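Please keep the sequence and the 3D view at hand while reading.

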Amino acid sequence: NKNRILARNEIFSKYNRLIMFEDDNIFSPDFLNFVNKGLNIYQEREDIFSVSGYQYPIIMPPGYKKDIYLWQGFSAWGVGIWKEKWEKVDWEEEKALKSIRQFLKNYKAVYQHQKTANHYLPSILKMVEQNRLHGDGYLSLYQFLNNMYSVFPVTSRVRNMGHDGSGTGCGYMENDIYAQQAIYSRQDDYTFPQNIQNEELLNQVLYQHFKIPLKSKLKAILKLLLFNSGLLKQGTKWPI
């Protein structure tokens with residue numbers, strides 16, 4: 001993690017943008033072209049935080065004709081970011097965790113954020129439990145709190161091979177939908193609408209994709225209530 005931070009700081013000392021990815025990613029031939037085009041077009045859009053080359057294995061709504069969409073999630077599986085927007089994020093861990101604790105006390109805001117995706121509340125609670133930030137969950141929360149979005153392609157430019165049990169982040173998945181994902185194979189026949197907006201229909205599709213079992217949802221809610229009551233402490237192992 002320290003090496004990643006050092007590399008990012010070194011690049012940002014010379015350039016105003018960065019494309020980063022994981023070491024278990026496989027890319028379509030136009031991955032760099034796609035992300036760079038998005039970074040050029042949306043640089044001045046204050047409500048767009050990043051340009052992702054990855055697309056989740058979802059079925060797009062019938063009739064959706066655009067090549068991209070906006071969503072308040074974040075994926076590190078091949079993503080372009082701007083220095084100016086990245087450096088506005090509070091990366092000082094204790095300050096960031098303090099703001100997360102304040103967010104968790106606002107039940108209305110927590111409820112609204114869960115409309116993005118159910119799996120983010122367990123991720124946020126895990127940050128508080130472990131007393132450290134986790135990138136994707138933290139950046140999704142940052143986008144939610146600042147009314148920002150990431151750009152995602154309708155057809156993925158990235159395939160992730162990290163669910164075979166050999167790595168440390170994703171674990172093992174028996175029916176690995178990620179490794180089997182089709183990725184874009186054509187060249188430059190897509191458009192980036194300058195004024196694209198977030199669409200509720202896409203939010204619903206992604207909400208269903210990330211929907212967690214009822215038992216996991218209730219467990220997260222119980223953790224939230226116990227944490228806010230002071231019965232569960234930050235930085236200690238929680239018994240639930």
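In this predicted model, Asn25 touches Ala76, Trp77, Gly78, Val158, Arg159 and Asn160, when residues up to four places away in sequence are not counted. Asn25 lies in strand β2, which spans residues 25–27, and a polar atom of its side chain lies 2.9 Å from the backbone nitrogen of Glu22. Because its relative accessibility is 10%, below the 20% limit for burial, Asn25 counts as buried.

**Two further buried side chains with polar contacts**

- Arg45 is placed in the loop between α2 (31–42) and β3 (48–52), and with a relative accessibility of 12% this residue counts as buried.
- A polar atom of the Arg45 side chain lies 2.7 Å from the backbone oxygen of Gln194, and the residues that Arg45 touches, not counting those up to four places away in sequence, are Leu70, Lys85, Gln194, Asn195, Ile196 and Gln197.
- Trp82 has its place in strand β5 and, at 2% relative accessibility, counts as buried; a polar atom of its side chain lies 3.1 Å from the backbone oxygen of Leu39.
- Leaving aside neighbours within four places in sequence, Trp82 is in contact with a set of residues that includes Phe12, Asn16, Arg17, Gly38, Leu39, Tyr42 and Phe49.
- Although Trp82 and Ile19 are 63 residues apart along the chain, their C-alpha atoms are separated by 8.9 Å.

**Nonpolar cores**

- The largest nonpolar core has 34 residues, and those with the most contacts inside it are Phe49, Ile100, Phe103 and Leu104.
- At least two residues of this core come from each of β1 (17–20), β5 (79–82), α4, α5, α6, α7 and α9.
- Apart from this core lies another, of 32 residues, which has Met60, Val158, Tyr178 and Phe192 among its members.
- Phe49, with neighbours within four places in sequence left aside, is in contact with residues including Phe74, Trp82, Trp86, Val89, Leu139, Tyr142 and Met148.

**Packing of α4 against α7**

- The axes of α4 and α7 come within 12 Å and cross at roughly 65°, and α4 passes α7 in a left-handed crossing.
- On the α4 side the contact is made by Ala96, Ile100 and Phe103, and on the α7 side by Tyr138, Leu141, Phe144 and Leu145.
- Sorted by class, this contact between α4 and α7 has seven nonpolar residues, no polar residues and no charged residues.

- Why is helix α6 (residues 120–130) described as largely enclosed by the rest of the structure? Eight of its 11 residues are buried, so the description follows from that count.
- The buried residues of α6 are Tyr120, Leu121, Ser123, Ile124, Leu125, Met127, Val128 and Glu129, and they pack against β4 (68–71), α4 (93–104), α5 (107–114), α7 (135–145) and α9 (214–229).
- α6 is followed by Asn131, whose phi is positive, near 60°.

- Gln112 lies in helix α5 and, at 33% relative accessibility, counts as partly exposed.

Notes:
Residues numbered from 1 in each chain as written. Predicted model: local features only at pLDDT ≥ 70, side-chain atom pairs only at ≥ 80, totals over all residues. Heavy atoms only, no water. Buried < 20%, exposed > 50% of the residue type's maximum accessible area, 1.4 Å probe, protein only. Helix = DSSP H or I, 4+ residues; strand = E, 2+ residues; numbered from the N terminus. Contact = heavy atoms within 4.5 Å. Axes fitted to C-alpha atoms, helices over the stretch in contact; angles between N-to-C directions. Left-handed = near helix turned anticlockwise from the far one by under 90°. Nonpolar A, V, L, I, M, F, W, Y, C, P; charged D, E, K, R; others polar. Polar contact = N/O pair within 3.5 Å; in protein donor to acceptor, adjacent residues only side chain to side chain. Core = buried A, V, L, I, M, F, W, Y, C linked by side-chain atoms within 4.5 Å.
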